[in-house]
Amino acid sequence: MTVRPPLAMLAELTHRCPLSCPYCSNPLDLARKETELSTEEWAGAFRQAADLGVLHLHLSGGEPASRRDLEELVATARGAGLYTNLITSGIGLTERRLRALDEAGLDHVQLSLQGTDAAMADRIGGYRGGFDRKMQVAGWIAEIGFPLTLNAVVHRQNLHQLPEALDMAVRMGARRIEVAIVQFHGWAMQNRAALMPTRAQAEEARRIVEEARKRLLGTLVIDFVPADYHEDFPKSCMGGWGSTGLNIAPDGTVLPCHAAQTIPHLSFDSVRDRPLREIWYNGAAFNAYRGYDWMPEPCRSCDRKQIDHGGCRCQALALAGDAGATDPVCARSPRHAELRAKADAFAAGSDETLTYRSFAPAEPA
Amino acid sequence: MTIGPASVPVLPRGVRLHHDRVRDTWVLLAPERAIRLDPIGHAVLCEVDGTRSFGAIVAALAAKYDAPQDRIAEDSRGLLTGLLNRRMLELTE
Ligand code: SF4
Ligand code: SF4
């Protein structure tokens with residue numbers, strides 16, 4: 001199989017974040033500040049990524065603004081020829097820092113939205129005052145003229161705010177909005193009972209998005225991530241394992257997707273030890289689920305295998321106990337009925353208690 | 001929104017042409033999107049400078065490639081309308 005160069009790289013600059021969203025995609029075992037790559041190490045990784053063929057660099061976290069050297073990292077990435085996208089909650093950005101990011105050549109800002117009012121957003125984000133601050137940051141973003149994408153994560157507790165989120169995006173002058181129904185990885189797995197939308201809600205969300213796409217054609221581009229558990233076909237996770245993109249964790253571990261470390265039998269390389277090019281083409285974790293040879297039935301002889309690549313490996317592990325199984329979201333998986341029942345049971349719950357993300361207590365010295 | 005001869009197309013901030021040295025091709029980079037450009041697409045977008053009208057762009061391309069204006073207008077309008085709908089292009093007039 002010929003492996004093509006990657007198009008996109010997500011750099012999780014840090015796991016630190018003032019917010020503590022209960023669906024955060026960061027792993028349960030958050031990386032501490034002491035383990036983070038230095039400015040020079042990130043710079044080296046960016047240059048290697050550009051040489052490898054990466055076009056888009058997503059600067060993410062945690063909250064990337066928690067890194068004091070963010071401005072310098074953006075300048076380096078632009079210097080290397082990468083398109084730089086900042087994925088932020090807005091907290092930690094000031095007008096001065098945004099102007100410095102502008103100077104550094106930042107191409108685009110993606111601002112996360114936990115809710116459309118302070119009551120909802122601050123409860124979900126677990127950070128009082130966060131919403132008001134975010135609105136202030138959005139004002140500066142518009143003033144400076146950064147192109148903006150709003151990133152609305154929706155679930156059972158805030159799906160009723162979806163129409164307002166779309167209106168907000170238009171009012172803020174965003175060109176795009178990503179409406180993502182919570183995906184159950186990382187911390188979200190701890191909160192399935194509190195966040196799982198009902199099937200009816202999931203359908204309603206799709207209808208709202210389809211209507212808005214027509215109404216707002218040429219004004220607002222809407223990307224939609226449906227409620228995976230209620231679908232009949234899985235998402236094409238990462239556009240195919242090891243085919244289009246890669247992630248780098250705060251400590252330099254290079255991952256085929258952000259949840260890959262939940263698969264216990266995989267071993268990962270670090271940019272601290274091995275050139276990125278070698279990791280991409282020869283790394284054991286990248287080759288584990290590349291292409292189609294690893295596939296079991298029903299995927300192996302399925303006409304959709306080039307479309308969804310058998311779904312998500314991390315989800316197959318979490319739901320079927322085997323990372324090499326067909327994603328149970330698929331109606332052709334023997335485990336689909338079981339998942340469907342589970343999803344409906346989670347959605348029917350009335351417990352709204354959230355488990356917020358947090359750092360594990362420090363190990364005793 | 002339709003593109004007429006007097007429309008002045010412009011690539012908004014955050015959308016830019018980039019030479020992809022690894023794949024040896026021109027691409028148009030935008031948030032979450034990279035569009036690989038064929039030589040015609042690249043030629044059209046090179047003419048988009050935010051000051052010249054669509055009519056002027058078509059005339060320039062027709063002269064440069066010695067091709068009928070109608071064909072050029074149709075092809076470029078298709079490309080630019082697609083970009084317009086995806087918020088990767090704006091019209092100033
Ligand atoms: S999902 Fe929430 S907690 Fe996690 S990094 Fe984003 S803003 Fe921070
Ligand atoms: S059987 Fe496998 S390849 Fe076919 S649709 Fe389901 S997950 Fe995709």
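Predicted model: local features only at pLDDT ≥ 70, side-chain atom pairs only at ≥ 80, totals over all residues.
Which residues are linked with A:Arg16 in a network of salt bridges?

**View 1. A network of salt bridges in chain A.** Here A:Arg16, A:Glu36, A:Arg67 and A:Asp69 are linked by salt bridges. Look for A:Asp69 in the loop between β2 and α2 of chain A. With a relative accessibility of 12%, A:Asp69 counts as buried, since the cut-off for that label is under 20%. The side chain of A:Asp69 also makes a polar contact with the side chain of A:Arg67, at 2.8 Å.

**View 2. Where chain A meets chain B.** In this panel, 34 residues of chain A are in contact with 23 residues of chain B. The size of an interface is often given as the accessible area lost when the parts come together. For chain A and chain B, the buried area is about 2200 Å², and carbon and sulfur atoms give 49% of that area.

**View 3. Charged and polar pairs between the chains.** Four salt bridges are counted between chain A and chain B. One of the salt bridges to look for joins the side chains of A:Asp102 and B:Arg13, with 2.6 Å from N to O. There are also 14 residue pairs in polar contact between chain A and chain B, counting pairs with both residues at pLDDT 80 or more. On the side of chain A that touches chain B, the elements that give two or more residues are α1, β2, β3, β4, β6 and β7 of chain A. Helix α1(A) gives the largest share of that side, three residues. By kind, the residues of the side of chain A that touches chain B divide into 16 nonpolar, 10 polar and eight charged.

**View 4. Helix α6 of chain A and its buried face.** Follow the helix over residues 162-171, where A:Leu162, A:Ala165, A:Leu166, A:Met168 and A:Ala169 are buried. Seen down the axis of α6(A), its buried residues fall within an arc of 160°, so they line one face of the helix. What do these buried residues of α6(A) pack against? Their partners are β4, α5, β5, β6, α8 and β7 of chain A. Just after α6(A) comes A:Gly173, with a positive phi of about 80°.

**View 5. Two cis peptide bonds in loops of chain A.** A cis peptide bond joins A:Gly61 and A:Gly62, with omega about 5°. To find A:Gly62, go to the loop between β2 and α2 of chain A. Another cis peptide bond joins A:Glu297 and A:Pro298, where omega is about 5°. You can find A:Pro298 in the loop between α10 and α11 of chain A.

View 6. Although A:Met238 is not a glycine, its phi is positive, about 55°. This residue, A:Met238, is found in the loop between β7 and β8 of chain A. Its relative accessibility is 28%, and A:Met238 therefore counts as partly exposed. Phi of A:His309 is near 55°, again a positive value in a residue other than glycine. The place to look for A:His309 is the loop between α11 and α12 of chain A. Is A:His309 buried or exposed? With a relative accessible area of 18%, A:His309 is buried.

**View 7. Salt bridges within chain A.** Over all chains, a search of the whole structure finds 31 salt bridges. In one of them, A:Arg99 pairs with A:Glu95, the closest N and O atoms being 3.1 Å apart. Because A:Arg99 and A:Glu95 are four residues apart in helix α3 of chain A, about one helical turn separates them. At 38% relative accessibility A:Arg99 counts as partly exposed, and at 29% so does A:Glu95. In helix α8 of chain A, A:Glu211 and A:Arg215 are likewise four residues apart, about one turn of the helix. Their salt bridge has its closest N and O atoms 2.9 Å apart. Finally, the side chains of A:Arg274 and A:Glu278 meet in a salt bridge, 2.9 Å from N to O.

How values were computed. Residues numbered from 1 in each chain as written. Chains lettered and ligands numbered in written order. Heavy atoms only, no water. Contact = heavy atoms within 4.5 Å. Buried area = accessible area lost by both parts, 1.4 Å probe. Polar contact = N/O pair within 3.5 Å; in protein donor to acceptor, adjacent residues only side chain to side chain. Nonpolar A, V, L, I, M, F, W, Y, C, P; charged D, E, K, R; others polar. Buried < 20%, exposed > 50% of the residue type's maximum accessible area, 1.4 Å probe, protein only. Arc of directions from axis to C-beta.
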